Amino acid sequence: MRSAITRHMKRILATFSIAALSITFGSCSAQKEAVAPGPLTPLTGPAAPVKTTRNTAYVTPPVQGPVQRNPDINLPSNFSKGGNISFSRVPSAGQYVAITFDDGPHSQNTPRLLDMLRARNIKASFFVVGRNVDLYPGIARQIVAEGHEIASHSYTHRLLTKMSDDQVRQEFDKTRDAIVKATGVQPRVMRPPYGALLQRQREWVHAQYGYPTILWSVDPNDWQRPGSAAICSRILTQTSSGAIILAHDIHVGTVDAMPATLDGLLKKGYKFVTVSQLLAMQSSGAAAP
Ligand SMILES: [Zn+2]
């Protein structure tokens with residue numbers, strides 16, 4: 001009897017280990033949520049076989065109810081203007097990461113993304129195109145009202161390396177004006193379209209506006225629309241401490257990928273801050289705990 005019980009306990013333990021493993025590694029597909037082990041057979045008496053027909057129409061529903069939340073983070077965002085002028089990550093930032101969304105606001109995808117971020121208490125950074133801010137000022141206002149960082153990504157999203165300083169100035173002036181008009185706040189950082197800006201231009205923009213050039217260390221190539229599962233797994237695989245994650249809130253597949261991606265990063269222990277907060281950790285010389 002004792003050995004029967006031991007065997008049974010081993011079975012239970014094995015079942016739980018498999019469940020725990022699938023929870024630990026998570027999944028980038030909403031259709032493959034980890035399922036808790038079913039009811040255990042009683043210890044006494046022979047287990048009566050129960051015949052059921054396989055229900056192939058059943059699909060595990062997406063997670064409902066509470067999700068893991070990013071902690072409240074009350075860190076300074078006033079980074080020093082004297083340091084580097086280009087960043088693709090901030091290695092000294094410990095387990096903090098910044099997720100960034102480019103090219104919006106988008107009329108449908110951005111509000112949907114904002115709901116996902118709010119549910120998880122995550123503050124992101126939105127590199128907006130000035131032209132789109134003029135189209136959707138209410139969404140830009142909502143971005144700021146919900147505690148996210150709003151940053152400049154030019155006005156027309158054209159390649160800046162081919163432009164004169166005067167043209168570049170127009171791009172950043174018009175975007176700043178659109179952001180200030182819609183939200184009442186000034187952008188503090190910028191990302192050039194396609195990540196392309198000559199070193200001389202980076203120095204010029206930094207001197208003129210005080211904007212550091214923000215690039216990225218994690219790129220899921222979501223603009224190629226590889227599908228939500230690929231976007232999610234690329235981000236989960238590439239992210240390390242101090243990462244700046246690039247994504248685009250104009251693409252429906254990117255926003256679809258976010259619940260699994262954000263939950264996966266939270267599960268791995270990463271904490272989300274804005275780009276300016278990440279930069280402030282670097283300029284303060286010490287990583288926050
Ligand atoms: Zn862009």
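**Close-up views of a predicted model**

**View 1. D103 sits in a buried spot, with 20 other C-beta atoms within 10 Å.** The cut-off for calling a residue buried is 20 or more such neighbours, so D103 qualifies. This is a predicted model, so take the backbone details here and in the other views as predictions. The backbone of D103 is worth a look: phi is positive, about 85°, although D103 is not a glycine. The residue belongs to the loop between β2 and α2, and β2 itself covers residues 96-102.

**View 2. The peptide bond from G104 to P105 is cis.** Omega for this bond is near 0°. P105 is also part of the loop between β2 and α2, the loop that holds D103.

**View 3. R225 is another non-glycine residue with a positive phi.** Here phi is near 50°. Look for R225 in the loop that links β5 (213-214) to α7 (228-238). Is R225 buried, exposed or partly exposed? It has 14 C-beta neighbours inside 10 Å, so it counts as partly exposed.

**View 4. Helices α2 and α8 come together with their axes within 10 Å.** Helix α2 takes in residues 109-119, helix α8 takes in residues 252-267, and their axes cross at roughly 5°. With that angle, α2 is roughly parallel to α8. On the α2 side, the residues at the contact are N109, R112, L113 and M116. They meet V252, V255, M258, P259 and L262 of α8. Sorted by class, this contact has seven nonpolar residues, one polar and one charged.

**View 5. Helix α4 (residues 137-145) buries I139, A140 and I143.** Seen down the axis of α4, the buried residues fall within an arc of 105°, so they line one face of the helix. Turn to the other side of α4 and you find G138 and A145, both exposed. What lies over the buried residues? The cover includes two strands, β3 (125-128) and β4 (149-152), along with helices α2, α3 (130-135) and α5 (165-183).

**View 6. Helices α5 and α6 pack at an angle of about 50°.** Their axes are 11 Å apart, and α6 runs over residues 199-209. At that angle, α5 and α6 are oblique to each other. Which hand does the crossing of α5 and α6 have? It is right-handed. From α5, the contact draws on D165, V168 and F172, while α6 brings in Q201, W204, V205 and Y209. By class, those residues divide into five nonpolar, one polar and one charged.

**View 7. Zooming out, the protein has nine helices and seven strands.** Of its 289 residues, 37% count as buried. D103 is one of the buried residues, and so are I139, A140 and I143 in α4. The meeting of α2 (109-119) with α8 (252-267) gives a local picture of two helices brought alongside each other, roughly parallel.

Terms used
Residues are numbered from 1 along each chain as its sequence is written. This is a predicted model: local features need pLDDT of at least 70, side-chain atom pairs count only at pLDDT 80 or more; totals for chains, interfaces and linings use all residues. Axes are lines fitted to C-alpha atoms, for helices over the stretch in contact, and angles run from 0 to 180 degrees between N-to-C directions. Helices (H or I, at least four residues) and strands (E, at least two) are DSSP runs, numbered from the N terminus. Angles under 35 degrees count as roughly parallel, over 145 as roughly antiparallel, 65 to 115 as roughly perpendicular and the rest as oblique. Two residues are in contact if their C-beta atoms, placed from the backbone, lie within 7 Å. Ala, Val, Leu, Ile, Met, Phe, Trp, Tyr, Cys and Pro count as nonpolar, Asp, Glu, Lys and Arg as charged, and the others, Gly among them, as polar. A residue is buried if 20 or more other C-beta atoms lie within 10 Å of its own, exposed if 12 or fewer, and partly exposed in between; C-beta atoms are placed from the backbone. The arc is that of the directions from the helix axis to the C-beta atoms. A crossing is left-handed if the near helix is turned anticlockwise from the far one by less than a right angle, and right-handed if clockwise.
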